[in-house]
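Keep the sequence and the model side by side. The walk below goes from strand pairs to a metal site and then to single residues.

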Amino acid sequence: MKLRSGIIVFIIVTSLFTVLGQDVKNQVTAFVNVNVIPMDRELILKDQIVVVRDRRIAEIGAANSIKVPSSALRIDGRGKFLIPGLFDMHTHLFSDGKFPDSLAGDELKIMLANGVTTIRLMIGTPELLKMRADVAKGDLLGPAMYVASPEFAGRSYGDPFNGYVVTTPDEASAAVKKAKDAGYDFIKLTIDISSPVYEAVIEAAREAGIRVVGHVDLRVGLQRALAAGQQIEHLDSYMEAVLKDDSPIKASVSDSGVWRKANWESLDYIDERKVAEVSLATARAGIYTCPTLTFFKLSFAVEQSDDAIRARPDYRFFPLKMRESRHAARLRFWTSPPTLERREKYIRTRNQIVKGIHEAGGKIMAGSDTPELFLLYGYTLHRELQSLVEAGLKPFAALEAATRNPAEFLKIFGEAGTIERGKRADLILLEANPLDDISNTEKRAGVMARGRWMPEAELKKMLDEIAPRFQAVSTPDK
Ligand SMILES: [Zn+2]
């Protein structure tokens, strides 16, 4: 994708756009007699009217205190629950890589259909920066986008490699400046980052005024990352940090270590005291944690049959030509998986850390880390909310991880993250109360993105149209 000339990319990307048109700008919409879960505190405002005008929440109040303009599109909210649109804080697109650019618009629509109205794309490309601007202008239908830099890594991998190879402090500082100048929102670290390179990245990013996010190399270690204030993905390096001092194995199952069967033996040497300590240290460091629990749990710890995977609602979006190789990759791991006991301990330990961070006052953010291994964006974000509850968070706290916490982290809390007057009209109308059961976030009556109302029937139709296009795509796997 990045090899094409800017002009061609511009034409292709432009042709994908669904122009929202002026109608949304002037449209007034009112949710009537609805239960509002504003997420500014844990409560439900019953029998409310929420008026949306010019893509923003114009008014909110008790049904008997607000007059609905006669021109408004009225949405009956009786028995339903209105929550803020959700954030997926760790996602990717198929079209970031070798998949056709023509998929990109559909990818964003799948997210919207799942109520995801803001995303952070964790490995950036120039095309994503263009899409970010077009969504912001209202020219492209999609979630509001934040785009991390191409990856910072100690070596090139993947073909083509989309990143900056940084092996010396000088290379690292130069790359930070480049990424900042290109307009990326964050510096994204991935693999093979040495300690001197890490220090240079942190220093250069501080000077440039850009935040550092992503993986934590074992040579860097958790303590240094916490001290640097890095925002850590996947609980990277935590599984090593909680091993007993006398553990005969130092390598554990963070990040790509999870593929190495020998590393799973380390699960027998977890120091419970350290689990509590690292959770507390994380909360004290004031960093936001995006654990991506679901992706790791479903890929490496919970055994699932191929039939169960085929029955997932997101399976139909995986290209037919990709499925065989993806099933084969799964089988390579699951032919001789780690013992059930170790896999359960893996889930339990990661859950304990997340719960510990939350209870110590730290902030958790929900992220899907998809598309990967038959887990698709949008759908997996809802599974992540369920995983956070399974980890011990209350449904309200799980929802915070996908609404107000990311809005605070992205420094857009004045714009999004709660249902309050003046904020962006990114909303989800639910058929049932998600504070009773977090899986109710999947019972949607419709989604509003920047004031544009899309009832569930329209969204279902949109997904039905998109799925065959994904199935037909030819893939780099084959
Ligand atoms: Zn990722």
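**From hairpin to metal site**

Strand 2 and strand 3 (residues 56–62) form an antiparallel pair with six bridges. Strands and helices here are DSSP runs, numbered from the N terminus: E of at least two residues for strands, H or I of at least four for helices. Two strands count as paired if DSSP finds at least two bridges between them. Arg53 has Arg56 in strand 3 as its bridge partner. Two residues sit between the strands of this hairpin, and Asp54 takes a positive phi near 50° there. Strand 2 (residues 45–53) also pairs with strand 1 (residues 28–36), again antiparallel and over six bridges. In that pair, Phe31 is bridged to Val50 in strand 2.

The model is predicted: local features need pLDDT of at least 70, side-chain atom pairs count only at pLDDT 80 or more, and totals for chains, interfaces and linings use all residues. Residues are numbered from 1 along each chain as its sequence is written, and side-chain values use heavy atoms, with hydrogens and water left out.

Now the whole protein. It has 17 helices and 18 strands. Its C-alpha atoms fill a box of roughly 70 × 50 × 50 Å along the principal axes. Of the 478 residues, 60% count as buried. Buried means under 20% relative accessible area, exposed means over 50%, and partly exposed lies in between (1.4 Å probe, protein chains only). The accessible surface comes to about 18,700 Å², and carbon and sulfur atoms hold 51% of it. Such areas come from the Shrake-Rupley method with a 1.4 Å probe; for residues, only the protein chains shown count as cover. Among contacts with a separation of 6 or more, 72% join residues 24 or more positions apart. A contact means heavy atoms within 4.5 Å.

Three strands make an open sheet in the order 6-7-8, with parallel pairing. Strand 6 (86–91) and strand 8 (144–147) are the edge strands, each pairing on one side only. On average, neighbouring strands of this sheet are turned by 15° against each other, direction ignored. Strand 6 and strand 7 (residues 116–121) share four bridges in the parallel sense. Thr91 has Leu121 in strand 7 as its bridge partner.

Helix 3 is mostly covered, with 10 of its 10 residues buried. The buried residues include Asp106, Glu107 and Lys109. Gly115 follows helix 3 and has a positive phi near 80°. Helix 14 (residues 379–390) lies across strand 6 and strand 7, at about 100° to strand 6.

What coordinates the zinc ion? The donors are His90 (NE2), His92 (NE2) and Asp369 (OD), at 2.0 to 2.2 Å. Donors are N, O and S atoms within 2.8 Å of the metal (3.2 Å for Na, K and Ca); water is not among the atoms, so sites may look incomplete. Along the chain the donors are spaced H-x1-H-x276-D. His92 lies in the loop between strand 6 and helix 3, and Asp369 in the loop between strand 15 (363–364) and helix 14, so this pair ties together parts 277 residues apart in sequence. Both His92 and Asp369 are buried.

Finish with two single residues. Ala401 is found in helix 15 (residues 395–401). Ala401 counts as buried because its relative accessibility is 1%. Not counting residues up to four places away in sequence, Ala401 touches Ile364, Met365, Ala366, Leu388 and Pro406. Phe81 lies in strand 5 (residues 81–84). Phe81 is buried, at a relative accessible area of 12%. Beyond its neighbours within four places in sequence, the contacts of Phe81 include Val34, Ile44, Leu429 and Pro434.

Definitions and conventions: Axes are lines fitted to C-alpha atoms, for helices over the stretch in contact, and angles run from 0 to 180 degrees between N-to-C directions.
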